Every structure is written in structure tokens, then in C-alpha cells.
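This briefing goes through one protein chain topic by topic. Look at the sequence and the model first, then read the points below.

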Amino acid sequence: MKKMLFLSFLAMIVIAETTAQEIKWMDITEAEKQCKENPKQIFIDVYTDWCGWCKRMDSQTFSKPEVAKYMNETFYCVKLDAESTKTIRFNGTDFTPGEQKANSKRKPVHMLAATLLQGNMSYPSYVFLTPNNEVITVVKGFREAPEMLNILKYIGTDAYKTQTPEEFIEKNK
């Protein structure tokens, strides 16, 4: 009986720990609202449903407790489907879904994604914004957890204002 209680208690701890380490994703409207109340940088994961590398980022990088913890503490984290069919209000502007091109099998690109990525559509892409919704930088492609954590810290600590990425990595080895 004691062993059963102990195992149940241990299972509850493991479940609680796992839940506590998930990234708190929100939509861009919620991030913008939260940022007005408590200013923080915004991290936007621009993805598509068909993107294998995007799914790999979710399962292998964003799922790591140290990545999730840092992201939750430092950023408002947004998932943006680059092929969303919804109108999205951001920074005082309504962004609409793109229009389907004739004879195209591909889904149209959402105008917010196209604007944030400056038309350079590549998935996954990560957009870092200041609390005032200004683009700091865009990072493209799959990243393993240690590399992504370095990027997050480089931006999240504002080191990008005074150091090159190489200087930051060297200083923080």
C-alpha cells in the first residue's frame, strides 16, 4: 500500500513538472494586450501545418524544459500559422489571409506572416519583436535546443544591442 501511494505521488510530481515546463503559447492579439500591461519582448513562431521542420522544433526544441522556462520568463510566445484563414488585428492593422492563386495547389500566405518575414517565406521562422512591436530580427530554420537557447538569450538579454552573436557566444561559454 505504501509503495502504491509513493508511486502515485511520484507520478503526480512528474506530471506537474512536465506541465510546468510547457511554453505558454498565445495569439498575437493576446501578446499585444499583455505587452501593454507588462512589457516584454514577443517571440513569434511562424509555421505551417505541412512543415516537417516546424513539427520537429515543437517536439525536439520547444519541448525542452530549459527552453520552455526561458521563453516563458522572457517573452510573450506566439504561434502564427502562415497559412491561417482568419483576419488578424495587430498593431492597429487588420491583416487578411492571402488570396488563392489560380491553378495553385499551395495555400495562400497570410499577410501578417508575409509582412513579418518581409516576403521571405521560409518555415519555420522566428520573429523577435520589441515590446513596441518593432522587429528586432528574424531567425530561420530548425535549431537544436542548445543553439536556440543561445539565440533566445542573445535577444532576450538585449545583448544584440552591444555585441555580435559570436561575441555573445564566446562570452557565455
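A pocket is an open set of grid points with protein on both sides within 12 Å along at least five of seven lines. A volume is the space filled by probe spheres set on the points. The model described here is predicted, and its largest pocket has a volume of about 180 Å³.

**The chain as a whole**

- The chain holds 7 helices and 7 strands.
- Along the sequence, these elements follow the pattern α-β-α-β-α-α-β-β-β-α-β-β-α-α.
- The chain has 173 residues, and 39% of them are buried.
- Among contacts with a separation of 6 or more, 62% are between residues 24 or more positions apart.

**The largest pocket**

- The lining consists of D27, I28, Y47, V78, K79, L80, D81, S84, K86, T87 and I88.
- Strand β3 (residues 75-81) gives the largest share of this lining, with 4 residues.
- By type, the lining residues of the largest pocket divide into 5 nonpolar, 4 charged and 2 polar.

**The cysteines**

- The count of disulfides comes to 1.
- This disulfide joins C51 and C54, whose sulfur atoms are 2.4 Å apart; a pair of cysteine sulfur atoms counts as a disulfide within 2.5 Å.
- The torsion about the S-S bond of C51 and C54 is about 85°, so the disulfide is right-handed.
- Are C51 and C54 buried or exposed? C51 is buried because its relative accessible area is 3%, under the 20% cut-off. C54 is buried as well, at 4% relative accessibility.
- C35 also counts as buried, because its relative accessibility is 5%.
- C77 has a relative accessible area of 0%, so C77 is buried too.

**Residue Q163**

- Where does Q163 lie? Q163 is in the loop between α6 (145-156) and α7 (165-171).
- Leaving out residues up to four places away in sequence, Q163 touches Y154, F168 and K171.

Terms used: Residues are numbered from 1 along each chain as its sequence is written. This is a predicted model: local features need pLDDT of at least 70, side-chain atom pairs count only at pLDDT 80 or more; totals for chains, interfaces and linings use all residues. Side-chain values use heavy atoms; hydrogens and water are left out. Helices (H or I, at least four residues) and strands (E, at least two) are DSSP runs, numbered from the N terminus. Contact means heavy atoms within 4.5 Å. On a 1 Å grid over the protein atoms alone, a cavity is a set of points where a 1.4 Å probe fits but cannot get out, and a pocket is an open set with protein on both sides within 12 Å along at least five of seven lines; lining residues have an atom within 4 Å of a point. Ala, Val, Leu, Ile, Met, Phe, Trp, Tyr, Cys and Pro count as nonpolar, Asp, Glu, Lys and Arg as charged, and the others, Gly among them, as polar. Buried means under 20% relative accessible area, exposed over 50%, partly exposed in between (1.4 Å probe, protein chains only).
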